[in-house]
Every structure is written in C-alpha cells, then in structure tokens.
Amino acid sequence: MKSIIQKIVKKAIFIFLSVAIASSVNAQPFQQGTTAANVGIGLGTALGGLGKARPAISVSIDHGFWDIGGPGVISLGGYIGNTGYKYTDAGYTAKWNYIVVGARGAYHYNGFTDLPNLDVYGGAMLAYNIVKYKAEGGGTDLGNNYGSGLGLSGFVGGRWLFTESLGAYAELGYGVSVLAVGLTFKF
C-alpha cells in the first residue's frame, strides 16, 4: 500500500512540475486583494482508521489582506476537508468519518520576480476536527463521536498559474491529508 501511495505522489509531483515548466503565462503574483481557492485530493493522513480509506478531499480559500512591505502578503481564509475509513471482518463493520473545518492565515512570498506565475506560501490553521465512529456486528453495536476537538497546525504550499485565473497547487501540512494536490482558481 505504501509503495502505491509513493508512486501516486511521484506521478502527481512529476505532472505538476512538467505542466509548471511548460507554462509560460505572464500571471500576476499573489498580492493584496487577490483571492485564490484550492480544490484538491489528498494523499496520506495522520487521522486514525483501519481498512479501506476514502480519498481525502479538501477546499480552501485565501484572500490577500495585508501587503507587509518587502516581497510578501498576509492572507486569511478558510478550509474544509473530509475523509473516512471502513473496516469489515467476519460480520463486524467499523466506520470512521473525519471532517476538518478551519480558519487559516498565510504568508505569501512574492519576491520571485522572474516567476510571477509562482505563489509560495506557508502558514497556520486553527481547526475543529469532527470525528464520527460507528461499529456494528460482532455482538457490539456502537455509535459515538470521539476524538473531536480543536487543533492548531502548520502548512506550506505552492501554486503555479497556467492562466490569469487557473492553476495547480500542492500543499503539505495537517488537514484531512498530509499532501493535497489539485486545481487552484484565482479571482
């Protein structure tokens, strides 16, 4: 299973970099007033669960609020993501469902003047992790919410714009997955 995930990650990074290098659009860097939304699929997770995992999906949005002088902008935004697991064995079924909802802030470095299509950022997220667990069969029927709670996490990421409003992104950090890749929309 680990080697399959590693192959998928390598292919996703290769595709991301190939498209990024091939693209030569003259986009504007992330700046004050810029809004960007990410829609992605996640690989790997720090969230618990056994058995077969559902793909992690996430949506995040960042809006540039403060130009801090020098090459950078501070953004504020939001995040929501979902993943889950299902384990079945000899008449026993257990299900885990995770929803992470958070507020995030990031620093976007826009000092790469030769690469205006690139948005490199890092930040922190304050999130609430909603965990639902249900077990049936095997003489035990359980349904409860456990492990839900507030958490603080960090993330780093990058976006590459192919056009003025469409691009790809990759982000490492804690959410519903360790690595998220997908599309980014700038408006």
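## Nonpolar cores

A nonpolar core is a set of buried Ala, Val, Leu, Ile, Met, Phe, Trp, Tyr and Cys residues joined through side-chain atoms within 4.5 Å, where buried means under 20% relative accessible area, exposed over 50% and partly exposed in between (1.4 Å probe, protein chains only). This is a predicted model, in which local features need pLDDT of at least 70 and side-chain atom pairs count only at pLDDT 80 or more, while totals for chains, interfaces and linings use all residues. Residues are numbered from 1 along each chain as its sequence is written, and side-chain values use heavy atoms, with hydrogens and water left out.

The largest nonpolar core comprises eleven residues: Ala-56, Tyr-79, Val-100, Ala-106, Tyr-121, Met-125, Ala-127, Phe-155, Tyr-169, Val-176 and Ala-180. At least two residues of this core come from each of β5 (92-109) and β6 (118-136); strands (E, at least two residues) are DSSP runs, numbered from the N terminus. The most is given by β6, with three residues. Apart from this core lies another, of seven residues, including Tyr-85, Ala-94, Val-131 and Ala-135.

## Strand pairing

Two strands pair if DSSP finds at least two bridges between them. Strand β4 (residues 72-89) runs antiparallel to β5 and is joined to it by 18 bridges, with Ser-75 opposite Ala-106 in β5. These two strands form a hairpin with two residues between them, and Ala-90 in the turn has a positive phi of about 45°. β5 also pairs with β6 in the antiparallel sense, over 17 bridges, and Ala-103 stands opposite Leu-126 in β6.

## Thr-93

Thr-93 lies in strand β5 and is buried, with a relative accessible area of 18%. Leaving aside neighbours within four places in sequence, Thr-93 is in contact (heavy atoms within 4.5 Å) with Lys-86, Tyr-87, Thr-88, Lys-134, Ala-135 and Glu-136.

On a 1 Å grid over the protein atoms alone, a cavity is a set of points where a 1.4 Å probe fits but cannot get out, and lining residues have an atom within 4 Å of a point. Two cavities of 30 Å³ or more are found in the whole structure.

Of the 19 residues lining the largest cavity, Tyr-79, Glu-171, Gly-173, Tyr-174 and Gly-175 are the closest to its centre. β3 (56-67), β8 (149-161), β9 (166-173) and β10 (179-186) each supply at least two lining residues, and β9 gives the most, with four.

Definitions and conventions
On a 1 Å grid over the protein atoms alone, a cavity is a set of points where a 1.4 Å probe fits but cannot get out, and a pocket is an open set with protein on both sides within 12 Å along at least five of seven lines; lining residues have an atom within 4 Å of a point. Grid points are joined across faces, edges and corners, and a volume is the space filled by probe spheres set on the points.
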